[in-house]
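The following note was prepared for a colleague who asked for a reading of the structure point by point.

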Amino acid sequence: MHRTRKKKKISEITQTRTQVVCERDRISNLPDEILVHILSFLHMKYAATTSILSTRWRFLWTWNPSLDFSYCKPTVIDRCLDLHRAPKLRSLKYCNTFYDHPETEAVSRWLRYAATHNVEELSLFLAYPYQESYPLSLFECQTLMHLALRDGKLNLSVNFRGFKSLVTLCLERVFIKEEVLCTLISTCDLLENLEVIDCSFLMNRLRISATNSSRLRNLKIISFPERRSPGTLEINAPSLLFFTCRGWKLSWSDFSHLREADLGFISFDSGWNEDLEGWRRILSAMTSLRTLFAGDWLFQKPKCRKHLPVPFHDHFVFKNLKELDVFIKHKESKDYLASFISLLKACPALETARLYLVSGLERDRCVRYDKVRLWLKEIHHPIFSHDRLKTLELGGFMSTKTELLLLKFLLEKTIALESLILKLRKEINNSELLRNELTLHKASPIAQIIISHI
Amino acid sequence: MASTSNSTSSKIITLRSSDGEVFEVEESVALESNLIRRMMEDDCANNIIPLPNVTAPIFYLVIEHCKKHAEMKDNKEKKKELRSQGEELLKSDPHTYSNLMEAVNYLDIKSLMDLTAQWLADFLKGKSPRLIRELLKIKNDFTPEEEAEILERNRWAFD
């Protein structure tokens, strides 16, 4: 009937003198493994201070399997590893201060210790301008499941055959060549999560292709284009579900299974968006998305089309999309709201939509009010109404004539709306008037109109 | 997600605490406990499941927190709130805390194990050893010489 849990005993820890412990001291009476588990949530400094509490606690901290040495002095780390008794290491974390550079030999020593203790998780953050290569003993850690490196240089050892258990790899500001990264990805068969942030110094063209990334589910790849002109990224990962990309030029990639995409500020390889066909291909490759975060590119008109707004609904159906965020940075995006409505029409399952205008827009004179009105007539037919949309959030508003026209239209057409959240720009102060005017137009009786300032 | 599965598919499971009180718990909540999961898999859960190591007030706390934990999955604010509750409990009633911790360990509930461990870890952080001893009623059984020696050896940690 009852199966007792298998428990690892750490027999050496419990000292004979602990029997003296006062009866009311219930915390110290908890079993060793619980107390050690608690210590594993603490930085080594705090874990080590518990040694002074009582004889019961004196050596508990040395059994801690999760070692967080962030900002510790190298000598302290060496000392702690001398005292350390846990047979296995769950995790080892280290980041240095700006003034405290460990010697490569020291880092190498810690890594060898980690390797012999079957470390599962490793985070090494070596503060800039530490630009030495990571010691080759890193590649001895064959039990690694999670590896995070920040700064420093990464070169592979000659006889490196891959981390056979690695599931997550995060690289930030690491000097790594594109072929080294490709080898790393292709030799780690179990890799599911990959983050490459600000590592593009040595990369012009990065190709992550299906043959070597069949298990890859999460991919986050971010560069800062202000530091370096964007490289080209080509992805062919059939199991990819979550994709975040910024500051890269995206080349033809297959996203047909993608569920969540965060494509803030990206651009596309010239072949992709120079004509309507290319633009269609970009978006139709993403039609199984459930959530999408997009920047300006979404509303950028294809060159061959002269007429704005962008007529999404003529070309696509995003039939699974439930959540949509759009951030527009450009001043030029005059017909943003009209395009946005067209996009809503192309997303029949959408429940939450947000549109933010980051830098604000020019006044009415730039938006061709009459044209928008004509276009709205067009969209009226065939009859458009959205019966799923519950939350609509619009930020950075000026409450111009055109905006009002479109807002009223939106309210009339969204029959299931629960809340409309308007965030006006600071200088706009007619929110009461606006609310009263909009209330007259809402089709959904339960819709709340919330107006605030950014 | 959690709320829909709770409301639709839920079977009720009956459990009895050590002091004889009977609890009716939704299956989705009860299965958080690996102990109960194993008992159900072994098919000895058709009747009332006895929990000889857990008293009613503690079991009540466990269920409360299981529910809260399920709710907070995607909610960062709630997560923070739940995490900050430990400080209060540990200050006012370390006795109940250790009973809760033991019960969670016995019931083998991973999520709560981490939460309650995090509570004590947060509590220990940045407090002087003397204050910790006082609040948690830990008796200092070192001789002054031993204490001085530990302080000397681990000086880096006490600076």
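Predicted model: local features only at pLDDT ≥ 70, side-chain atom pairs only at ≥ 80, totals over all residues.

1. Chain A as a whole. The secondary structure of chain A consists of 11 helices and 19 strands. The chain has 454 residues, and 36% of them count as buried. When contacts in chain A between residues at least 6 apart in sequence are considered, 71% join residues at least 24 apart.

2. The interface between the chains. Contact between the chains involves 31 residues of chain A and 32 residues of chain B. On the chain A side, the elements that give two or more residues are helix 1 (32–39) and helix 2 (44–49). Helix 2 of chain A provides the largest share of that side, namely four residues. By class, the chain A residues that touch chain B divide into 15 nonpolar, eight polar and eight charged.

3. Helices 6 and 7 of chain B. Helix 6 (residues 94–107) and helix 7 (residues 110–124) of chain B pack at an angle of about 155 degrees, and their axes are 9 Å apart. Angles over 145 degrees count as roughly antiparallel, and the two helices of chain B are therefore described in that way. Helix 6 of chain B passes helix 7 of chain B in a left-handed crossing. Helix 6 of chain B contributes B:Leu100, B:Met101, B:Val104 and B:Asn105 to the contact, while helix 7 of chain B contributes B:Leu112, B:Met113 and B:Thr116. This contact has five nonpolar, two polar and no charged residues.

4. An annotated stretch of chain B. An unreviewed UniProt entry places the annotation "domain: SKP1 component dimerisation" on residues 110–157 of chain B. In the model, residues 110–157 of chain B are 75% helix and 0% strand, with the end C-alpha atoms 30 Å apart.

5. Helices 8 and 10 of chain A. How are helix 8 and helix 10 of chain A oriented to each other, roughly parallel or roughly antiparallel? Helix 8 (residues 336–345) and helix 10 (residues 401–413) of chain A pack at an angle of about 15 degrees, with 10 Å between their axes. Angles under 35 degrees count as roughly parallel, so this description applies to helix 8 and helix 10 of chain A. The crossing of helix 8 of chain A past helix 10 of chain A is left-handed. The contact is formed by A:Leu337, A:Ala338 and A:Ile341 of helix 8 with A:Glu403, A:Leu406, A:Phe409 and A:Leu410 of helix 10. These residues comprise six nonpolar, no polar and one charged.

6. Two residues with positive phi. Most residues other than glycine have a negative phi. A:Tyr71, although not a glycine, has a positive phi of about 65 degrees. A:Tyr71 is found in the loop between strand 1 (66–68) and helix 3 (74–83) of chain A, and it counts as partly exposed because it has 15 C-beta neighbours inside 10 Å. A:Asp151, also not a glycine, has a positive phi of about 60 degrees. A:Asp151 lies in the loop between strand 4 (146–150) and strand 5 (168–172) of chain A, and with 22 C-beta neighbours inside 10 Å it counts as buried.

7. A:Lys442. This residue belongs to the loop between helix 11 (431–439) and strand 19 (448–453) of chain A. A:Lys442 has 19 C-beta neighbours inside 10 Å and therefore counts as partly exposed. Apart from neighbours within four places in sequence, A:Lys442 is in contact with A:Leu411 and A:Ala447.

Definitions and conventions: Residues numbered from 1 in each chain as written. Chains lettered and ligands numbered in written order. Contact = placed C-beta atoms within 7 Å. Nonpolar A, V, L, I, M, F, W, Y, C, P; charged D, E, K, R; others polar. Axes fitted to C-alpha atoms, helices over the stretch in contact; angles between N-to-C directions. Parallel < 35°, antiparallel > 145°, perpendicular 65-115°, else oblique. Left-handed = near helix turned anticlockwise from the far one by under 90°. UniProt positions renumbered as here; feature names shortened; annotations may be inferred. Buried ≥ 20, exposed ≤ 12 C-beta atoms within 10 Å, placed from the backbone.
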